[in-house]
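Keep the 3D view open as you read.

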Number of protein chains: 2
Amino acid sequence: VLAEFQTHCKNHFPEIATEPFLLACSGGIDSMVLALLCVQSNFNFSIAHCNFQLRAAESDSDALFVEKFSKKQGINFYSKRCNTVLYAKEHKVSIQVAARRLRYAWFAEIMQENSIKTLVTAHHADDNLETFIINLSRGTGIEGLHGMPVKTARISRPLLAFSRAQIEDYAKAEKLGWREDASNEETKYLRNKIRHDIVPTLKELHPTFLENFKTTQSYLADTSAIVADRINALTTTMFIEEDGLIKIAVTALQELKPLKSYLYLLFKDYGFTKAPDDIFNLLTAMSGKALYSDSHRLVKNRDYLLLERLKSDDNPSAVITKNDSHIKTPLKNISKMKR
Amino acid sequence: VLAEFQTHCKNHFPEIATEPFLLACSGGIDSMVLALLCVQSNFNFSIAHCNFQLRAAESDSDALFVEKFSKKQGINFYSKRCNTVLYAKEHKVSIQVAARRLRYAWFAEIMQENSIKTLVTAHHADDNLETFIINLSRGTGIEGLHGMPVKTARISRPLLAFSRAQIEDYAKAEKLGWREDASNEETKYLRNKIRHDIVPTLKELHPTFLENFKTTQSYLADTSAIVADRINALTTTMFIEEDGLIKIAVTALQELKPLKSYLYLLFKDYGFTKAPDDIFNLLTAMSGKALYSDSHRLVKNRDYLLLERLKSDDNPSAVITKNDSHIKTPLKNISKMKR
C-alpha cells in the first residue's frame with residue numbers, strides 16, 4: 001500500500017508530495033493510516049484535530065491520542081475544542097451540520113494563517129459508494145450521487161483510490177493504533193448494513209462493479225458541472241444588479257422548464273434551499289410578499305423578484321456561512337432531499 | 001387494482017381514458033394485465049404484438065396467444081413477423097437493439113396510418129428501480145439513471161405507479177393467463193438477483209425507500225432536461241449552418257469544460273456515441289481527418305469541424321434510425337456506458 005500510495009501521490013497529487021499541507025485527523029482508522037502513510041513518505045504536513053466534545057472524556061482521549069502520535073512523529077499539531085451542541089442549537093442545524101461547519105471553518109482559519117494551500121482528508125473508495133446508497137435511500141438529486149471529487153481547489157483526497165479493506169489491512173500490518181470514530185454515528189448503522197448486505201451483492205452483478213461505479217460518478221460530476229454552466233449563463237442574463245439589489249423578471253423565470261428545478265438551482269446559492277415550492281408560489285404572489293433565507297431576502301415587486309443580501313447585523317450566522325463556503329464541505333453530500 | 005387504475009388514468013392519463021390508443025403487448029404478465037385492465041375499463045384501444053422470431057415455435061405461440069385474447073375481447077389486433085436476427089446482423093447491432101428498433105418503427109407506422117396519438121406500454125415501478133441498478137452495475141450516466149418517464153409526447157405508462165407485486169396479485173385474482181416473456185432474457189438473471197437480493201435490503205434502509213427513489217428519478221430527469229437546455233443553447237450559437245454543412249469553431253469547443261462530456265453531448269444526436277474520445281482527438285488532428293457515424297461525417301478543416309449528413313444511398317440504415325427516433329425508446333435506458 002505504501003509504494004502504491006507514493007506513486008499515486010506523485011502522479012496525481014503533486015501538491016501533497018511537494019508542498020506543506022494540513023491533514024484532517026479524527027484519530028479513526030482512515031485518517032490514522034493516512035497520517036502514517038504521509039509520515040512514511042516524508043511529506044511536509046501538519047495535523048489538525050477538532051474536538052467536538054460530543055462524548056465527554058472519550059472526545060478528550062481522541063484528541064490526546066492524535067496529539068501523542070503527532071508529537072512522537074514530530075509533526076506540527078493543531079487542536080481545537082468546539083461547543084458543537086451550543087452551535088447546533090444557536091444556528092438551528094443538526095449536530096452533523098454544526099460539526100462540519102465548525103471543522104471546516106477552523107481548517108480554513110489555520111490554512112489562511114499559515115499559508116497552507118491544501119487540506120487533505122482520508123475519505124476512501126467505499127465512502128463514496130456508501131454515501132451514494134444512503135442518499136439514494138433518502139431521496140436525493142445529482143449532488144447527492146456524484147460523490148466527493150478526488151481533488152478540488154483546496155481539498156485533496158489521496159485515499160479515494162484505496163478501498164476500506166486495503167486501509168484495514170495496512171493498519172494491521174503496521175500495528176497502528178486508532179480510535180473508534182464517533183463522527184459518523186448518525187450513519188454508522190446504515191453504513192454497516194450497506195457494507196455487509198448490499199455492496200457484496202452489487203459486486204456480484206458485474207465483475208468490475210466498483211470501477212464502473214467510479215466511471216458513473218465521474219459522468220455525474222461532469223453532468224453537475226454542465227448544469228452549473230447553464231445556471232451561470234442564465235444568471236448572467238437574468239439577474240440584473242442595480243444599487244445592490246438584484247432584479248429578476250418574473251416572465252423570464254416562468255419560461256424555464258422544468259420550472260421548480262430551475263428555481264431551486266437559480267436561488268440555492270442565496271440560501272433558498274429548504275422550500276423550493278415557496279419561490280414557485282412567489283412568482284404568482286401579490287406584490288410585497290417576501291421570502292427569507294439565512295442570508296437573503298427575496299421580494300415580489302410587480303413583474304420582478306428583488307433579491308437583497310440581509311445586513312450581517314440582522315443575522316450573525318451569515319458571516320460564518322460565508323467563511324465556511326471557502327472550502328467545499330465533503331459531508332454536505334449527505335442530506336435528505338439534497339438536490 | 002382496477003379501481004385504482006381507473007382513478008389513476010382519469011387523473012393522469014386523460015388521453016388513455018378518452019382517445020383511441022395502441023397497446024404494446026408481448027403476451028407477458030405485465031402487458032396482459034394492462035390489456036385486461038383496459039378492457040375492464042372500456043377503453044378504446046388496439047393491441048400490437050411484434051413477433052421477433054427469436055424462439056421459433058414459442059414465438060409463434062406468443063403471437064397466437066395475444067391474438068386469441070384480442071379476438072375474444074373484440075379488440076383490434078395487429079401483428080408483425082420481424083427477421084430480428086437478420087436486422088441485427090445487417091446493422092451490426094445487438095439483438096436487443098434490433099428488436100427495439102423494429103418494434104418501435106412498426107408501432108410508429110401503425111400509429112401514423114391509423115391516426116393514433118398514444119402508445120401505451122406496461123412498464124411498472126420495479127422496472128425503473130431494476131434498470132437503475134443494472135445500469136449502475138455496468139457504469140452509466142444520468143440517462144441510464146433517471147428512469148422511464150410516466151409520459152412523453154407519444155408514450156404513456158400508466159402501470160409505472162404500480163408494483164410488480166400488485167400486477168402479479170391481480171393476474172392471479174383474475175385467473176388471467178400469460179406467456180413467459182422472452183424479450184428480457186438478457187437481463188433476466190440480473191433482474192431476479194436484484195429483485196430478491198438487493199431491493200429488499202434497500203427497502204430496509206429507509207421506510208419510504210421506493211417513494212424516495214421516485215423523487216430521486218424525477219430530480220434526475222429534470223437535471224437531464226436542464227443539461228439538454230444547455231446543449232441546445234450552445235448548439236444555437238456554435239453550430240453554424242452553411243450550404244447544408246454545419247461549421248463549428250474548434251477554439252469555441254476547446255473552451256468548454258468538462259470538454260469530453262460536452263463533446264459527447266454536442267455530437268450524440270448525430271450518431272457519434274461510441275467513441276467520444278475520437279472527437280476529442282479530432283480537435284487537434286491534422287486537417288482532412290474525418291470521423292463517421294451511421295448518419296454523419298465530421299471532418300477537421302483547419303480551425304473548424306465540418307459536420308455533414310451522409311447521403312442515405314451510402315447508408316440505408318439512416319432512414320430507419322430517423323423513423324425510430326420519432327418515439328423515445330424505453331429500453332435504450334439499458335446499455336453499457338450509456339451517458
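What follows goes from the pair of chains to their interface, then to the cavities, the salt bridges and the backbone.

First, keep in mind that this is a predicted model. Two copies of a chain are related by a rotation about an axis and a shift along it. The same surface serves both of them, as 98% of the contact residues of chain B recur in chain A.

Now look at where the chains touch. On the chain B side 43 residues are in contact, and they meet 42 residues of chain A. The size of an interface is often given as the accessible area lost when the parts come together. For chain B and chain A, that comes to about 3,900 Å² buried between them, with 73% of it on carbon and sulfur atoms. If you want to find the residues of chain B that lose the most area to chain A, pick out L205(B), Y219(B) and I226(B); together they make up 17% of what that side buries.

There is charge pairing across the interface too. Side chains of opposite charge can pair when their charged atoms come close. Between chain B and chain A the count is 4 salt bridges. In a salt bridge between the chains, the side chain of E204(B) meets that of K193(A), at 2.6 Å from N to O.

What about empty space? Rolling a probe the size of a water molecule over the atoms shows where empty space is left. Searching the whole structure turns up 2 cavities of 30 Å³ or more, and the largest cavity has a volume of about 60 Å³. Its lining draws on both chains: I133(A), L136(A), I198(A) and L202(A), along with I133(B), L136(B), I198(B) and L202(B). By class, that lining has 8 nonpolar residues, no polar ones and no charged ones.

One to look up is R191(A) with E130(A), where the closest N and O atoms are 3.1 Å apart. R191(A) sits in helix 9 of chain A and E130(A) in helix 7 of chain A, so this pair ties together parts that are 61 residues apart in sequence.

Finally, the backbone. Where in chain A is the loop that holds P258(A)? It runs between helix 11 (250–254) and helix 12 (259–267) of chain A, and the peptide bond joining K257(A) and P258(A) is cis, with omega about 0°. In chain B, the bond from K257(B) to P258(B) is cis, with omega near 0°, and P258(B) lies in the loop between helix 11 (250–254) and helix 12 (259–267) of chain B. One last stop is S115(A), in the loop between helix 6 (95–113) and strand 4 (118–120) of chain A. S115(A) has a positive phi of about 50°, although it is not a glycine.

Conventions:
Residues are numbered from 1 along each chain as its sequence is written. Chains are lettered from A and ligands numbered from 1 in the order in which they are written. This is a predicted model: local features need pLDDT of at least 70, side-chain atom pairs count only at pLDDT 80 or more; totals for chains, interfaces and linings use all residues. Side-chain values use heavy atoms; hydrogens and water are left out. Contact means heavy atoms within 4.5 Å. On a 1 Å grid over the protein atoms alone, a cavity is a set of points where a 1.4 Å probe fits but cannot get out, and a pocket is an open set with protein on both sides within 12 Å along at least five of seven lines; lining residues have an atom within 4 Å of a point. Grid points are joined across faces, edges and corners, and a volume is the space filled by probe spheres set on the points. Ala, Val, Leu, Ile, Met, Phe, Trp, Tyr, Cys and Pro count as nonpolar, Asp, Glu, Lys and Arg as charged, and the others, Gly among them, as polar. Buried area is the accessible area (1.4 Å probe) that two parts lose on being put together, summed over both. Helices (H or I, at least four residues) and strands (E, at least two) are DSSP runs, numbered from the N terminus.
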